Amino acid sequence: LVCADENGAPLDSAMVWMDSRSKAQYRELLNLYGEDYYYNITGHKLNAGLNLCKIKWLSDEDSSLFRKTHKFLSTVDYVNFKLTGEYCIDPSNAAMTQLYDIKNNRWSRELLDILSVDESRLPAIKKSGEQIGTLTKEAAKTLGLSPGVKVISGGHDQYCAALGCGAINPGQAMISAGTAFAILYITAGPVFNTDTYIAPGPHLIDGLWGNLATVPTAGVCMEWFKNNFAASESFEDIDRHAQSSDCESLFFYPYFSGSAFPDNSISAKACVMGLSLEHTGYHIARAIMEGVAFQLRYALEKFDKPSSVKLMGGACKSRLWSGILTDVLPYDLYKAPDNNAAPYGAAVNAGHAEGMFKDLNKLNSGGQIIPKEENAVCRYNEKYEKYKTGIKSVIDFFD
């Protein structure tokens, strides 16, 4: 959330999505209408990290800043303003604010009424591929470009990545292995499920929808391990040692910020289970990689079986982690042709809007399939079943 004044200047630091200061407002809003009310409007389970709760927090706890704010923005529409002078957001990013009515492609009047916020204090919504404007003289000078360069409405990073890695047909799925591991499952219409709270949103391609689920701190788990237990080593060093560190009896549950999809326990905490004296830090490193892979499989089971799964992101740089993922997941796993799929997808979106690319299906080769190791597949199938039995125990304990 970026609070901007009449000139578009930030009035305070941005409040990032991991900022959970608005937990009291989350509980108040939940008591007001119940979970399904917000989900059926926005496609997202009520979340203290999204802008609905954050603006409510401002209204309650920092009324001066709330009153001074001319525009409640997120980072993408702030950047669009700096580029063009226009306040503008695309539908896939608007959906992430929890202020957007995804069925009617507009800001939700019902939710804005709860906040006592007029729609004029939010950016305009322009669909992906529409021109927002052209570079201002100041932006053009800063970027070393000409003022006539067009700026095209883009998309949320996971949706751009889906376009960039070729997840552009119903039944395909993408795993984006970054700070969070995100699953985006492509369908011809939005999927609403009040048991699991799959998060639907509009794809960059007209007529398609993405349905999002995340393991929020998956990539962060390995950063946490390195920073605290192997600070002097590279990730390549950790990989090399973990490769030969069998951890058959060791289980890791990647719940640093709760269990998230599909159990959605905000109380759950990350756990290492099964430690004994012979285990080293490298056993734990491997258990983290396996635990993230098991949690992904558990999440993917809540979707229809995908026709193909595209893998992209930081974990692709690890041969060990890529191998674990492909052996754990019971699908063909394709490594995206370009690991920078999100900026590639953003560029393709702009090029398609300008008529440079006619057929998006011809822009992506589909990626290289990651071969499975049959013995590892059998071992992981057994270990996964044990992992699942621990999920309820961990969640029940912390709840």
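## The largest cavity

The largest cavity here holds about 50 Å³ of space. This is a predicted model, where local features need pLDDT of at least 70 and side-chain atom pairs count only at pLDDT 80 or more, while totals for chains, interfaces and linings use all residues. Residues are numbered from 1 along each chain as its sequence is written, and side-chain values use heavy atoms, leaving out hydrogens and water.

A cavity is a set of points on a 1 Å grid over the protein atoms alone, where a 1.4 Å probe fits but cannot get out; lining residues have an atom within 4 Å of a point. Grid points are joined across faces, edges and corners, and volume is the space filled by probe spheres set on them. Three cavities of 30 Å³ or more turn up.

## What lines it

Around the largest cavity sit Asp 246, Cys 247, Glu 248, Arg 286, Glu 290, Arg 379, Tyr 380 and Lys 383. Helix α15 gives the most to this lining, with three residues.

## A closer look at Lys 383

Lys 383 belongs to helix α15, residues 374–398 (helices are DSSP runs of H or I, at least four residues, numbered from the N terminus). Its relative accessible area is 3%, so Lys 383 is buried (under 20%, using a 1.4 Å probe and protein chains only). Lys 383 touches, among others, Cys 247, Glu 248 and Glu 290, not counting residues up to four places away in sequence (contact means heavy atoms within 4.5 Å).

## And the cysteines?

The whole structure has zero disulfides (pairs of cysteine sulfur atoms within 2.5 Å). For Cys 3, the closest cysteine sulfur, in Cys 53, is 15 Å away, too far for a bond.

Key:
Helices (H or I, at least four residues) and strands (E, at least two) are DSSP runs, numbered from the N terminus. Buried means under 20% relative accessible area, exposed over 50%, partly exposed in between (1.4 Å probe, protein chains only). On a 1 Å grid over the protein atoms alone, a cavity is a set of points where a 1.4 Å probe fits but cannot get out, and a pocket is an open set with protein on both sides within 12 Å along at least five of seven lines; lining residues have an atom within 4 Å of a point.
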